[in-house]
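This report describes selected parts of one protein structure, shown below.

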Amino acid sequence: MKTILHISLLLCLFLLAGCLTLEQSIQFKENGTLVASYTASYPVEQEQAIQAVMETALARKGLPPASFTDKTSTAAFYAQHGAELTLHRKSVHNGVATIQMMVIAKQASRAIAQGAFGEMRLKPVDEKVRLEIPLPQISPELKERAQKLCQGFTTSLTIETPGKLISHNGKQLASDKVTWTLSLENMPSGELFAEWSE
């Protein structure tokens, strides 16, 4: 499950299975709660291919099969990783499936450590909190294939923090909000990161 819902692995899935887009918004609250919202869209005809790639990726990590397209499976995954699925809505229009989800983790640090949000890392640094999201390495061959499959592909992630942002490598929207928009033409190396005051 985390393979498809986590931005660092989303592009790898997309490159293998076709045109999948994702918008993510994650809010860290002062009481330690995390609220994550997701909107994923993909051609209905590619659902089986996406599912097959996801199952292969999960199997490589020693994880049981899971499907983000199925509410029961998604809810079970988050329950096992310290979070709760509070919304799961799927709609289909003109051959495109859209899935909207909301996830709440009452103990954000614990849920992140348990893998509820992929390889995301949250750790204290001096009097700051640092969020790190590793990004995949994309070979020129995979990049060329993806560009042929789905021109103009982008995915976005917005983070809202409980304290004032100190540093990041995204686009700052407010004193406590930063966003990243990734595409095949604009893929930073290493990781996405944000630091804020405790």
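## Basis

The model is predicted: local features need pLDDT of at least 70, side-chain atom pairs count only at pLDDT 80 or more, and totals for chains, interfaces and linings use all residues. Residues are numbered from 1 along each chain as its sequence is written, and side-chain values use heavy atoms, with hydrogens and water left out.

Helices (H or I, at least four residues) and strands (E, at least two) are DSSP runs, numbered from the N terminus. A residue is buried under 20% relative accessible area, exposed over 50% and partly exposed in between (1.4 Å probe, protein chains only).

## Helix α4

Helix α4 spans residues 71–80, and its buried residues are Ser73, Thr74, Phe77 and Tyr78. Seen down the axis of α4, these buried residues fall within an arc of 130°, so they line one face of the helix; the arc is that of the directions from the helix axis to the C-beta atoms. An α-helix has 3.6 residues a turn, so residues three or four places apart point the same way. Lys71, Thr72, Ala79 and Gln80 are exposed on the other side of α4.

The N-terminal end of α4 is capped by Asp70, which has a side-chain oxygen 3.3 Å from the backbone nitrogen of Thr72. After α4 comes Gly82, with a positive phi near 80°.

## Strand β11 and its partners

Strand β11 covers residues 191–197, and five of its seven residues are buried. Two strands pair if DSSP finds at least two bridges between them. Strand β6 (residues 128–134) runs antiparallel to β11 and is joined to it by seven bridges; Pro134 has Glu191 as its bridge partner in β11. Strand β8 (residues 165–168) is also antiparallel to β11, with three bridges, and here Ser167 is partnered by Glu195.

Glu195 lies in β11 and is buried, with a relative accessible area of 7%. The side chain of Glu195 makes a polar contact with the side chain of Arg130 at 2.8 Å. A polar contact is a pair of N or O atoms within 3.5 Å; within protein, one must be able to donate a hydrogen and the other to accept it, and residues adjacent in sequence count only if both atoms are side-chain atoms. Trp196, also placed in β11, is buried at 3% relative accessibility. Trp196 and Ser175 are 21 residues apart in sequence, and their C-alpha atoms are 9.6 Å apart in space.

## Strands β9 and β10

Strand β10 (residues 177–183) has five of its seven residues buried, so it is largely enclosed by the rest of the structure. Strand β9 (residues 171–174) pairs with β10 in the antiparallel sense over three bridges, and a hairpin of two residues joins them. Ala174 has Lys177 as its bridge partner in β10.

## The largest pocket

The largest pocket has a volume of about 240 Å³. On a 1 Å grid over the protein atoms alone, a pocket is an open set of points where a 1.4 Å probe fits, with protein on both sides within 12 Å along at least five of seven lines; lining residues have an atom within 4 Å of a point. Grid points are joined across faces, edges and corners, and a volume is the space filled by probe spheres set on the points.

The lining has 16 residues, of which Ser109, Leu122, Val129, Pro162 and Trp196 lie nearest the centre. At least two lining residues come from each of α5 (108–113), β5 (121–125) and β11, and β5 gives the largest share, three residues. By class, the lining has seven nonpolar, five polar and four charged residues. Ala, Val, Leu, Ile, Met, Phe, Trp, Tyr, Cys and Pro count as nonpolar, Asp, Glu, Lys and Arg as charged, and the others, Gly among them, as polar.

Arg121 is found in β5 and is partly exposed, with a relative accessible area of 36%. Arg121 and Phe193 are 72 residues apart in sequence and 9.5 Å apart in space, C-alpha to C-alpha.

## Positive phi in two loops

Most residues other than glycine have a negative phi. Asn94 is not a glycine, yet has a positive phi of about 55°. Asn94 sits in the loop between β3 (84–93) and β4 (96–105) and is exposed at 69% relative accessibility.

Asp126, not a glycine either, has a positive phi of about 55°. Asp126 is in the loop between β5 and β6 and is exposed, with 72% relative accessibility.
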